Amino acid sequence: MSHHALILFAHGARDPRWAEPFERVASAARQRLPGSRVQLAFLELMSPDLRTAVQDAIARGARVVDVVPMFLGSGGHVRRDLPALIEGLRTDHPHIELRLHGAIGEEPSVIEAMAASACESVAASKPA
């Protein structure tokens, strides 16, 4: 039983295929954090929602829960909606350490990876 959980928080969509890249990210994170519970949670249209994911992590023994927004930038959901959700969960679970991180798309390593991928795509499509 792990005392740590990582929740990758994404927007959600009607088309279940939309979540496939996030599932691959979660799978890769599980390999990097073998002692932690890693799961996805969604703001809307998909499940589980954040409250359910946090409650599940707590039920499985987590005492520290990191929430990483899988958003490219810090729009309204990351600046307003998510902090309000986290504060509600902190009130409901004062014995748990809930740590909210910044939008993943604003991390330098992610910016560099996206730029490299874009450039590789362009290079691959140029005629020889």
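This is a predicted model: local features need pLDDT of at least 70, side-chain atom pairs count only at pLDDT 80 or more; totals for chains, interfaces and linings use all residues.
Me: Let's start with the strands. Which way do E1 and E2 run, and how many bridges join them?

Reply: Strand E1 (residues 4-10) and E2 run parallel, with 6 bridges joining them.

Me: What hand does the unit made by E1, helix H1 and E2 have?

Reply: For hand, point the strands away from you and follow the path from the first strand over the helix to the second: clockwise means right-handed. Here E1, helix H1 (residues 20-32) and E2 make a right-handed β-α-β unit.

Me: And is E2 enclosed or open?

Reply: Count its buried residues. Strand E2 (residues 37-42) has 5 of its 6 residues buried, so the rest of the structure largely encloses it.

Me: Where does the chain cross on its way from E3 to E4, and how are those two strands paired?

Reply: Take the pairing to begin with: strand E3 (residues 64-69) and strand E4 (residues 97-100) run parallel and are joined by 4 bridges. Asp 66 has Arg 99 as its bridge partner in E4. Between E3 and E4 the chain passes through helix H3 (residues 76-92), and this β-α-β crossover is right-handed.

Me: On to the rings. How many aromatic pairs does a search of the whole structure find?

Reply: The search turns up 3 aromatic pairs. In one of them, Trp 18 and Phe 22, the ring centres are 4.6 Å apart and the planes sit at 35°, so you'd call the pair tilted. Stacked would need planes under 30 degrees apart, and edge-to-face over 60.

Me: Are Trp 18 and Phe 22 buried or partly exposed?

Reply: One of each. Trp 18 is partly exposed because its relative accessible area is 30%, while Phe 22, at 16%, is buried. Ring pairs also bring in Phe 42, linking Trp 18, Phe 22 and Phe 42 into a cluster.

Me: Now charges. Why would two charged side chains pair at all?

Reply: Because opposite charges can pair when the charged atoms come close. A search of the whole structure finds 7 salt bridges here. One of them joins the side chains of Asp 15 and Arg 17, at 2.6 Å from N to O. Asp 15 is partly exposed at 30% relative accessibility, whereas Arg 17 is exposed at 57%.

Me: Which parts of the chain does the pair of Asp 92 and Arg 51 link?

Reply: Asp 92 and Arg 51 form a salt bridge whose closest N and O atoms are 2.6 Å apart. The pair links distant parts of the chain, with Asp 92 in helix H3 and Arg 51 in helix H2 (residues 50-59), 41 residues apart. Asp 92 is partly exposed at 43%, and Arg 51 is partly exposed at 34%.

Me: What links Arg 37, Asp 56 and Arg 60?

Reply: A network of salt bridges does. Within it, the closest N and O atoms of Asp 56 and Arg 60 are 3.1 Å apart. Asp 56 is partly exposed, with 23% relative accessible area, and Arg 60 is partly exposed too, with 46%.

Me: Last one: which residues form the nonpolar patch on the surface?

Reply: Leu 72, Ile 111 and Met 114 form it, and together they have about 290 Å² of accessible area. Met 114 lies in helix H4 (residues 108-125) and counts as partly exposed because its relative accessibility is 40%.

Definitions and conventions
Residues are numbered from 1 along each chain as its sequence is written. Side-chain values use heavy atoms; hydrogens and water are left out. Patches are made of residues with over 30% relative accessible area and no salt bridge: like charges are joined within 9 Å, nonpolar side chains (Val, Leu, Ile, Met, Phe, Trp, Tyr) within 5 Å. Accessible areas come from the Shrake-Rupley method with a 1.4 Å probe; for residues, only the protein chains shown count as cover. A salt bridge is a side-chain nitrogen of Lys or Arg within 4 Å of a carboxyl oxygen of Asp or Glu. Buried means under 20% relative accessible area, exposed over 50%, partly exposed in between (1.4 Å probe, protein chains only). Rings of Phe, Tyr and Trp (its six-membered ring) pair if their centres lie within 6.5 Å; planes under 30 degrees apart count as stacked, over 60 as edge-to-face and the rest as tilted. Two strands pair if DSSP finds at least two bridges between them.
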